[in-house]
Structures are given as C-alpha cells and as structure tokens.
Amino acid sequence: MWIAQLPQESTRPLNSRQAVPRPGRHRRPMTTPRTQRDKASKRKRVLLTIVTVVVILGILATAVYFIKQLIESKYFFCTRSVKFIPIEQACDGKNDCAGGEDEITCVSWFTVNTTFPVRLTTGQYILQVYSPAVGWQSMCSDDWTEQHTQTACNQLGYTYKPKSTSISVNTLISSLKTGPFTAIIPGTTSTPIHQATTDRSTCRSGSVISLSCSDCGKVSLEDRIVGGTDAVIEDWPWQVSLQQNGHHTCGGSLVSPRWVVTAAHCFSGNTKELSRWRVVSGQTYMSTLGGSSVDRIILNGKNNAAKNDYDIAVMRLSSPIRVGVSRRPVCLPPTTFGLTAGSSMVVTGWGYLEEGGNISPSLQKASVPLLDQVTCSSPTVYGNLITQRMICAGFLNGGVDACQGDSGGPLVYYEGSKWHLVGVVSWGVGCARERKPGVYCNVEEMLNWIYTVIEKNP
C-alpha cells in the first residue's frame, strides 16, 4: 500500500529575499498630525501669557512708583536711623535724623559782599577787570594771546571754543573811550586775568579786547503763556522744567551745562530738601520722566519774599547735561546792555494758559515789549513795589503775559546773533490783566552774584 509522505514544516520564510519586520522596531507611534491651526493657537497662548506678565509687571511698577512718590511727598527717610519723619521737619534747622542727615542736603542762602573781578560790558562784549583802587578797567589788546582768551572765559563760566577780537577804542561808547585801561603783563598766560594786568592811561594798540566765550544762546530759528503760541524746545533749548516730587513747579534756564538760573520764590514752603527736585531738560511736551538730580540749590541771601526783591536762585546739577540741539545754555547778558523801552523780548514756559487755569502740556512762547521803569512804577501800574532788581515786560492793555507755573523761567532778548537771559519770571497781579504786566528779576543786576556763586561752587 502506497503511503504519501507529508513534507516537514519549514521555518524558512516563503520569500527569503524580504526581511521580516520585527514588532516594535522602526515604527512611529500612532499620533494625529498637527495642523497649522493648532500651531497658531499655541503661539497665541504663549504670546498672551507673555503680554499678561508684562502688563502685570507694568502695573506693579507703576503702583510702586506712585506709592514711592506719595510717601516721598509726605515723609523724609532717615537712612542711618531707619525711620520716616514728616517732610516738614526736613531742612527746618533741627536735627531729627541721626547725624543731622535731614539737614545736610538742603537749600542754602548766599550773600555776595565782593565784586566779581571780570565782566563783559556793552553790546560789544568788551572785557573789563576790576581793581579796588581804580574800579572797572577795559582790557587793551596789547600783548593779548589765545591763552589769555581761554583763561578769561574760564573765569566767566561756560566756555566752548572761545575767541577774542580787537575793537578800536574810537568805536566804544563815550564813557569807555577815555578809559581807565589796563593791559596784560607778558608771560602770565595762566594767571587769573585780573591778577595779571598793569594800569594804562591809553592802549598802545589803540584797541581793546572783545570776548565770545561759548556757543550759548545760538539756535536754528524756524512765535502757552497767556496769549502765547506753541513752541518747540529746539528753538528755546535752555528752558527747563523744575519738578518737585514729579510735579512741574517752576521753569528755569540753563546758563552752563551744569547750572540753572531760576526764581528764589520757587523754593518757599516745604521745598527745601534737594532730593525732592529734578530738572527736566530737552522736552517740548511736559514730561516727568528722567531729568537731572541736583546737588546745590542756592538762593540770594538778600531775597525778600514779602517784597519779591532779589528773587533769584541757582541750581547745580549733579552732573552736566550733554549740550545739543535741544539742550543748550542761554547767554548771560553783558553789563550796560543798553536795552530800551519797547525792545521785543520772548518769555517761554509751561505755565497756565489762563488765570486760574492749568499747566500747559506743551511749551509756550510769547513776545512782550520791555516797559520803562517810570511807566512800570507809576501809581496806576505797580507804584513803589518796583525795585532796581526788577524789570517789567508786557502790554498795558493786557492779553499776553507769563502766569503761574512760568515762575523762574526765562525772559530772553536777541542781540548779536545770540539770545541773552535778561529776566527771570518773578511776579505780577493776576495774569495778562490790564495795566498789570509781568515783573521779572533783572538779571543784569544779579550778574555779580551769579558769577560769584558759580566760581565758589566749581
């Protein structure tokens, strides 16, 4: 009987040329493919989270800033004794903090009883030096050098590319043509100018020295003050905002990269602690951000608050500003500038736009004429309230005037291709009222004080 033999079971694959895949190797997990919509949604969630965090941090920073401002407006912090005292107790003449910390950084007063020995006079900027025996003497150009120019300008403060020219004695005003004169002693280039001279009855060269010490008062000109118009800081780059605890209080004028001239009455009341003040420069629109800290505020020691007399002060910045198109000092005027009634002046500031109004958000300017002293001190205007330290500018029929918030700001006059600070906004009755023009501290009368203070606080 034939019996068929079954083949034995083979372990060899049927197709030996193809590899048999092993479970779990070279395989991707089963997932749903990402769509563009899913990716965009995730990006939005991340962005929203970032924005939320930034907003929260911004709110916290703002809250901290305003809380700090509120605390500083009410209290002074004694770092040594780690305590707060009411701001009224700071700079009150009594030591309320350990070591008198609350009486160290305060407004000070300074009275000048001497004559600053160097000055420029008339619109020709003639250099004069003072001798106790002779008085003011015009400087002959005899033996004058560039180094003497630098030395003299350094004594007068802000110096940038100083230069001198010779002016014929015959072209001087009559009161200067006959002297007295003085001349440089050869070989004294670094000696202070007033200590390096010898008397002369006439100038051997027939000429005297005229100085131009800096680029002060120069702008590239392109007209709220009550009745004024919008202005840009580039045209009035010396204008600054004096701010106490973040609030605009007064205006001021840069007269050098480190010094500001303003009004003494800006520091009445609880405003005598230096850390409360900042000077904001280079801004057309009112801003409380940034600004410079100050390390000196010096009031004229003869200031009479009740009579608004000697209403002038200076502030020294902790570090000099960088001079540029929006930050530049104004020129201090020479003595005997020769301004006449009717001369057109410009007053600038962020003060009230109307009496009893609000601070202007943008810088304002207004042109006002100089009034003669006789008119300003007449019984129908201000009478005997006007002193020699004051000048008046404005219209007797009103309409244009400085106002609250403009105090301490500049009244300037353009002469010899430069703007000069001739007045500091001081006081007035109301704003732009009829027969009540603006009253300004007369800067020419304060030059001796300004130069002396700056020299003694280098």
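Student: Which residues form a nonpolar patch on the surface?

Tutor: Nonpolar side chains (Val, Leu, Ile, Met, Phe, Trp, Tyr) are joined within 5 Å, like charges within 9 Å. Here the patch consists of Leu 47, Val 51, Val 55 and Ile 59, with about 360 Å² of accessible area together. Areas come from the Shrake-Rupley method with a 1.4 Å probe; for residues, only the protein chains shown count as cover. The model is predicted: local features need pLDDT of at least 70, side-chain atom pairs count only at pLDDT 80 or more, and totals for chains, interfaces and linings use all residues. Residues are numbered from 1 along each chain as its sequence is written, and side-chain values use heavy atoms, leaving out hydrogens and water.

Student: Is Leu 47 buried or exposed?

Tutor: Buried means under 20% relative accessible area, exposed over 50%, partly exposed in between. Leu 47 has 54%, so it is exposed. Leu 47 lies in helix α1 (residues 36-74); helices are DSSP runs of H or I, at least four residues, and strands are runs of E, at least two, numbered from the N terminus.

Student: Why is strand β19 largely enclosed by the rest of the structure?

Tutor: Because seven of the eight residues of β19 (residues 364-371) are buried.

Student: Which strand do six bridges join to β19?

Tutor: Two strands pair if DSSP finds at least two bridges between them. The six bridges come from β18 (residues 344-349), antiparallel to β19, where Ser 344 has Pro 369 as its bridge partner. Two bridges join β19 to β20 (residues 390-393), also antiparallel, and Leu 371 is partnered there by Cys 392.

Terms used:
Buried means under 20% relative accessible area, exposed over 50%, partly exposed in between (1.4 Å probe, protein chains only). Patches are made of residues with over 30% relative accessible area and no salt bridge: like charges are joined within 9 Å, nonpolar side chains (Val, Leu, Ile, Met, Phe, Trp, Tyr) within 5 Å. A salt bridge is a side-chain nitrogen of Lys or Arg within 4 Å of a carboxyl oxygen of Asp or Glu.
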